[in-house]
Amino acid sequence: LTKFADKKHRNLEAEVFKNADITLATSYTDAENFRKKGANAFCITNGFDLEVGSQKSEVGSKNSTNKFTLSYVGVLEQLRNPEILWETLDNLVQENDEFAKDFELKFVGRLDDKILKKIENSSLKNNLTNLGYQTHDVALSEMQNSSVLLMTNFPQESSKGIIPGKIFEYLATGKTILSFGPKDADVEKILSETKAGKHFGYDEKDNLKNFIVETYQNWKSGN
């Protein structure tokens, strides 16, 4: 925006906040920022389709596959690449023969070539399943056939208020969600309140490994 356009935009925004009885935001961070500007703001996040959620009851137990499958569904590019995760998983398959036998790393959607090459050049190559682009129905089915669902956000603090629509499809499955992004992100708040998974920064290697091992052990015992 030009300086003139930006100033006009901000003036109009302030006028809306002043005259609106209630201002709704779809993220907690946006609602807080609106309140700082004088708005009577509240957050109502997006949600998920009950038809998607109904698939949960058809699956039953979270331990519904023969493999401990960690899946990423969607497009994954370098800017949201959780290298710490690939390194942690690579170490685990080298350290733990049982984990190496049980583990599957699955991608459903477009995966950056550099990320794919790095995984193929690691010990994870024997655990990799790359399905490429699939229809939405197939993607939903693959979510259900997973043990853990991976979600990544940009690492910058300015991304705290981004709540990807994918999280709601993930929540509908009842599967454990593993998320990466900035500290105190809105996604972290949602996962904490729903007890649906765990959110990590891109430097929490020890905590990440403990989480994966604990989740694997729960899967192994049928929980």
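**Figure 1. Lining of the second largest pocket.** Helix α8 contributes most to the lining of the second largest pocket, with three residues. The model is predicted: local features need pLDDT of at least 70 and side-chain atom pairs count only at pLDDT 80 or more, while totals for chains, interfaces and linings use all residues. Residues are numbered from 1 along each chain as its sequence is written, and side-chain values use heavy atoms, with hydrogens and water left out. In all, 14 residues line the second largest pocket, and V73, G74, V108, G109 and A139 lie nearest its centre. Both α8 and α9 supply at least two residues of this lining. The lining comprises six nonpolar, five polar and three charged residues. Its volume is about 210 Å³. A pocket is an open set of points on a 1 Å grid over the protein atoms alone, where a 1.4 Å probe fits, with protein on both sides within 12 Å along at least five of seven lines; lining residues have an atom within 4 Å of a point. Grid points are joined across faces, edges and corners, and the volume is the space filled by probe spheres set on the points. Ala, Val, Leu, Ile, Met, Phe, Trp, Tyr, Cys and Pro count as nonpolar, Asp, Glu, Lys and Arg as charged, and the others, Gly among them, as polar. Helices (H or I, at least four residues) and strands (E, at least two) are DSSP runs, numbered from the N terminus.

**Figure 2. Packing of α8 and α9.** Helix α8 (residues 136-144) packs on helix α9 (residues 166-173) at an angle of about 50 degrees, and their axes are 9 Å apart. Axes are lines fitted to C-alpha atoms, for helices over the stretch in contact, and angles run from 0 to 180 degrees between N-to-C directions. α8 is therefore oblique to α9; angles under 35 degrees count as roughly parallel, over 145 as roughly antiparallel, 65 to 115 as roughly perpendicular and the rest as oblique. From α8, H136, L140, M143 and Q144 meet E169, Y170 and T173 of α9, where contact means heavy atoms within 4.5 Å. The residues of this contact are three nonpolar, three polar and one charged.

**Figure 3. Packing of α5 and α11.** Helix α5 (residues 83-95) and helix α11 (residues 205-220) pack at about 55 degrees, with axes 10 Å apart. This angle makes α5 oblique to α11. On the α5 side, I84, L85, E87, T88, L89, N91, L92 and E95 meet K205, L208, K209, I212 and V213 of α11. Seven nonpolar, two polar and four charged residues make up the contact.

**Figure 4. Surroundings of L128.** L128 lies in strand β5 (residues 128-132). Apart from neighbours within four places in sequence, L128 contacts L105, F107, L116, I119 and E120.

Figure 5. Most residues other than glycine have a negative phi. D184, in the loop between β7 (176-180) and α10 (186-194), has a positive phi near 60 degrees. K195 is not a glycine either, and has a positive phi of about 55 degrees; K195 sits in the loop between α10 and β8 (197-200).
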